[in-house]
Amino acid sequence: LNVKCKILTSSLKPPEGGAVLYYLFKNINNYYSFHVCIHKRKIEIIKRYQGVWSTIAEQEYDFTTNKGYWITINASAGVHQFKIDGYNQLEVLDDDISKGCVGIGAKYCDVEFGHVSLSIP
């Protein structure tokens, strides 16, 4: 998944809020998601597996509103790699969910998405 993401406003409900990129979305109880947390100033990798939520990785990242960021997610054979503007940020090993759909979302703020592209390995 490769997408241009721009958070336009601050969060309406701090500390929550930001952009969400869903990937390997099997169903409502089984998926991974990449969260751009504008108020917390971090990125988080969330897993919902068999209905249970967990944060499997997080890292500080100083996002700015009204600035576009290229976010790339590669997930194959249990290896999840995350890049922002071409630079490696996180790598997570987890193979609980091996296939699924992708999606985009906004949580408590306005977000602009563009140039969404998807490649199947």
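Mentor: Gladly, and keep in mind that this is a predicted model. Let's start with Glu16, which has a relative accessible area of 32%.

Trainee: Why is Glu16 called partly exposed?

Mentor: Buried means under 20% and exposed means over 50%, with partly exposed in between. Glu16 has 32%, so Glu16 is partly exposed. Lys107 gets the partly exposed label too, at 30%.

Trainee: What makes Glu16 and Lys107 a salt bridge?

Mentor: The cut-off is a side-chain nitrogen of Lys or Arg within 4 Å of a carboxyl oxygen of Asp or Glu. For Glu16 and Lys107 the closest N and O atoms are 3.0 Å apart, so the pair counts as a salt bridge. Glu16 lies in the loop between S1 and strand S2 (18–27), while Lys107 is in strand S9 (residues 101–107), so the pair ties together parts that are 91 residues apart in sequence. Both residues also belong to a network of salt bridges that includes Lys40 and Glu44.

Trainee: How do you know that Asp62 and Arg41 form a salt bridge?

Mentor: Their N to O distance is 2.3 Å, which is within 4 Å, so they qualify. Asp62 sits in the loop between strand S5 (52–60) and S6, and Arg41 in the loop between strand S3 (30–37) and strand S4 (42–49), 21 residues apart.

Trainee: Why is Asp62 called exposed, and what is Arg41 called?

Mentor: Asp62 has 53%, which is over 50%, so Asp62 is exposed. Arg41 has 44%, which falls between 20% and 50%, so Arg41 is partly exposed.

Trainee: What makes Lys42 and Glu58 a salt bridge?

Mentor: At 3.1 Å, N to O, they are within 4 Å, so the label holds. Lys42 is in strand S4 and Glu58 in strand S5, 16 residues apart. In total, the structure holds eight salt bridges.

Trainee: How many cavities of 30 Å³ or more are there, and what lines the largest cavity?

Mentor: There is one of 30 Å³ or more, and the largest cavity has a volume of about 50 Å³. Its lining includes Cys5, Lys6, Ile7, Phe63 and Tyr69. S1 gives the most to that lining, with three residues. By type, the lining residues are seven nonpolar, one polar and two charged.

Methods:
Residues are numbered from 1 along each chain as its sequence is written. This is a predicted model: local features need pLDDT of at least 70, side-chain atom pairs count only at pLDDT 80 or more; totals for chains, interfaces and linings use all residues. Side-chain values use heavy atoms; hydrogens and water are left out. On a 1 Å grid over the protein atoms alone, a cavity is a set of points where a 1.4 Å probe fits but cannot get out, and a pocket is an open set with protein on both sides within 12 Å along at least five of seven lines; lining residues have an atom within 4 Å of a point. Grid points are joined across faces, edges and corners, and a volume is the space filled by probe spheres set on the points. Helices (H or I, at least four residues) and strands (E, at least two) are DSSP runs, numbered from the N terminus. Ala, Val, Leu, Ile, Met, Phe, Trp, Tyr, Cys and Pro count as nonpolar, Asp, Glu, Lys and Arg as charged, and the others, Gly among them, as polar. Buried means under 20% relative accessible area, exposed over 50%, partly exposed in between (1.4 Å probe, protein chains only).
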